[in-house]
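Please look over the sequence and the model shown here before reading on.

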Amino acid sequence: MLPALGDMALAGATCVCVLQILFAVQAARAPERYPAAPALLNAMVSSHLLLIFVAYCAMSILFVQDAFEVVFVAQNSHVELPLAYKLSAVWGGHEGSLLLWMLMLAGWTWCVGRFSNNLPTSTRAIVLGVLGFVAIGFLTFTLWTSNPFDLQFPVPESGRDLNPLLQDPGMVIHPPLLYMGYVGFAVAFAFAVAALIEGRLDSTWARWTRPWTTSAWAFLTAGIALGSWWAYHELGWGGWWFWDPVENASFMPWLVGTALIHSLAVTDKRGVFKSWTVLLAIVAFGLSLLGTFLVRSGVLVSVHAFASDPERGLYILAFLTVVVGGALALYAWRASQLKPETRVAIISRESALLLNNVFLVVLAAVVFVGTLYPLVVDSLGLGSMSVGPPYFEALFIPLGLPLVLLVGFSATLAWKRSKTGPVLRAAALPAAIAVVAGIALWAGIYAARGAMALVGIVLGLWAIFAALRDLWLRARSGRGVGSIPSSLWGMSLGHLGLGMFVIAVTVVSSFDVERDVRLATGEVADVEGYQFRFEGTRPVEGPNYIAERATVTVLENGAPIATLYPEKRRYRVQQDIMTQSAVSYNPMRDLYVSLGEPMGSDAWSLRLQYKPMMRLVWLGTALMMLGGFIAALDRRYWRATRSASATASGATAQQVS
């Protein structure tokens, strides 16, 4: 009965979304005729969420019960699979990942309905109608081409097991967070479409949109960081980013989303960049849909890809064209009306943020071209090619370094207009501290190796000290630390995290050391003053795999400081061989060991790596994520403006009708 229940829940959710759209259209055209519109729309979005949740719970129970009569369960589970991975296997394949996507979208829609009671009725109706339209697109896609509740007969005795790459604690958390970010940009998109339909983009609209966009960006930051952490620990190569096409698919909306939250801040504060802001909202969600297409179309070969059915990819591509193409057509129709409320001075925070956004969009374009160009070449029959890390690094570094410089300068600039002298004096102290501390770190710890490393370290410190200076000035000019609004705390934490991340990436890419060695039992290899003593291997058995587990003792100055247990696992069902690395870490360095192949005579190949400041990569991204969530909680965004809303409701109702 559970598969039938899941099917009925998805079909019911589709019907509810159709009603939601129809009622939203009527409520937007004549809100005065529908005084109960907010309550009815809330009931619809609540019903939508409940039905999707029922379908998701039914699928989870089917996995726990080993219901192999369901095709999706049989393809992604096994009787020996641990319970935690049975639950995460729900999104471990194409069909289930869509179910998770729809659950996230229903949750975001419910939150918008629940926490946007201060919006004008017409605006709220349009936003919920757009979100309902997006939901219908994915519901029909799931029911027609990717139904997770399809049955099979005869019923197999066991399943094919979950992809071993996904049997990792990081993958239990990574996809939900990533999808929360992807889907969250649908809210910014819906607000942008609503503003275009009503013909009014102003500071009030930006203030309504900011908390949703910032929350989505924070979730996406967390999802990308966890995916990077998973690749670092699970794949055994010691890297944390490989410019994989599917990694890029999540990075592109993150870059554009970063530009969007800065542009929204300017539109909110000064009423300018409205055209730029709404375009960024459309593009950010469009890139999220593009990532969905790339992962599920079969055009990419990646450890992250879900499906290889061209028909499914064609549906998503058509849906992407309708959604983004329609929004861009609406944007073109309203473009002539999107005039700035004030003029922007060249030396001002607004100009700095605009230039900051230009760099971010250019970086997103670099990733876009590097990801899709090989696919275009291949589809035109011009041969096959690949674009790897050298392309991205050659372009990202010269574009990224000025961006970090701008991050620090934007904190020293005032809104409306600044003078060159005061700006330079304001920047002098954090710049001097950054240069002195950077040279001390570069020369004192890393022996003055590599001029570009010094540039990266100084710029990272510059971003940190400029953010701290901004906080200190605000606390001194107000009533202390308690007078600092959440939005400023969030921005400063985000910039602190960015500076920390830049320093970590610079140091780990410039000064890491890697050795591939052959060690027999009792032999020692030295890496950067640390001795790695190989103690041999022993067989171990997991719930659904068997492994050879090595024991490696790490010594410093002859004294043991850590014992590491890297593994080489073979999963019983799929017979995949996986490398499980082992890491000893402290704030200043990671010692990374991965087990290779047996070399005979009781010897094994091992990869030993010394990675300085690797922990700061994760800490920096964690601070950026935390800053996003804190900024989204600013009470100014959530404070009801009922009088303004009532006025806007009457004005926009006439425009829509």
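What follows is a description of selected features, arranged by topic.

## Basis of the description

This is a predicted model, in which local features need pLDDT of at least 70 and side-chain atom pairs count only at pLDDT 80 or more, while totals for chains, interfaces and linings use all residues. Residues are numbered from 1 along each chain as its sequence is written, and side-chain values use heavy atoms, with hydrogens and water left out.

Two packed helices are described by the angle between their axes and the distance between the axes. Helices (H or I, at least four residues) and strands (E, at least two) are taken here as DSSP runs numbered from the N terminus, and axes are lines fitted to C-alpha atoms, for helices over the stretch in contact, with angles from 0 to 180 degrees between N-to-C directions. Helix H1 (residues 2-29) and helix H2 (residues 37-64) have axes that come within 9 Å and cross at roughly 160 degrees. H1 and H2 are therefore roughly antiparallel to each other (angles under 35 degrees count as roughly parallel, over 145 as roughly antiparallel, 65 to 115 as roughly perpendicular and the rest as oblique). The residues of the contact of H1 with H2 divide into 24 nonpolar, 5 polar and no charged, where Ala, Val, Leu, Ile, Met, Phe, Trp, Tyr, Cys and Pro count as nonpolar, Asp, Glu, Lys and Arg as charged, and the others, Gly among them, as polar. The crossing of H1 with H2 is left-handed, a term used if the near helix is turned anticlockwise from the far one by less than a right angle, with right-handed used if it is turned clockwise.

H1 also packs with helix H6 (residues 121-145), at an angle of about 155 degrees and with the axes 8 Å apart. H1 and H6 are therefore roughly antiparallel to each other, and H1 passes H6 in a left-handed crossing. The contact of H1 with H6 is made up of 17 nonpolar residues, 7 polar and no charged.

## Packing of H16 and H17

Helix H16 (residues 486-511) and H17 pack with their axes 7 Å apart, at an angle of about 165 degrees. That makes H16 roughly antiparallel to H17. The residues of the contact of H16 with H17 comprise 17 nonpolar, 8 polar and no charged, and the crossing of these two helices is left-handed.

Gly627 has its place in helix H17 and, at 2% relative accessibility, counts as buried (buried means under 20% relative accessible area, exposed over 50%, partly exposed in between, with a 1.4 Å probe and protein chains only). Not counting residues up to four places away in sequence, Gly627 touches Gly490, Leu493 and Gly494, contact meaning heavy atoms within 4.5 Å.

Arg615 is likewise found in helix H17 (residues 614-632), and Arg615 is buried, with a relative accessible area of 16%. When neighbours within four places in sequence are left aside, Arg615 is in contact with Tyr232, His233, Val583, Tyr585, Asn586 and Asp590.

## Nonpolar cores

A nonpolar core is a set of buried Ala, Val, Leu, Ile, Met, Phe, Trp, Tyr and Cys residues joined through side-chain atoms within 4.5 Å. The largest nonpolar core has 178 residues, of which Met59 and Leu255 touch the most other members. Helix H7 (residues 169-198) gives the most to this core, with 19 residues. Leu255 touches Leu360, Leu363, Ala364, Val367 and Phe396, residues up to four places away in sequence not being counted.

Gly438 is found in helix H14 (residues 420-444) and is buried, with a relative accessible area of 0%. With neighbours within four places in sequence left aside, Gly438 is in contact with Leu454, Ile457, Val458 and Leu461.

## Backbone features in loops

Most residues other than glycine have a negative phi, and most peptide bonds are trans. A cis peptide bond, with omega about 0 degrees, joins Phe153 and Pro154, and Pro154 has its place in the loop between H6 and H7.

Asp66, in the loop between H2 and helix H3 (71-76), has a positive phi, near 55 degrees, and is partly exposed, with a relative accessible area of 22%. Glu528, in the loop between strand S2 (524-527) and strand S3 (530-541), has a positive phi near 50 degrees and is partly exposed, with a relative accessible area of 40%.
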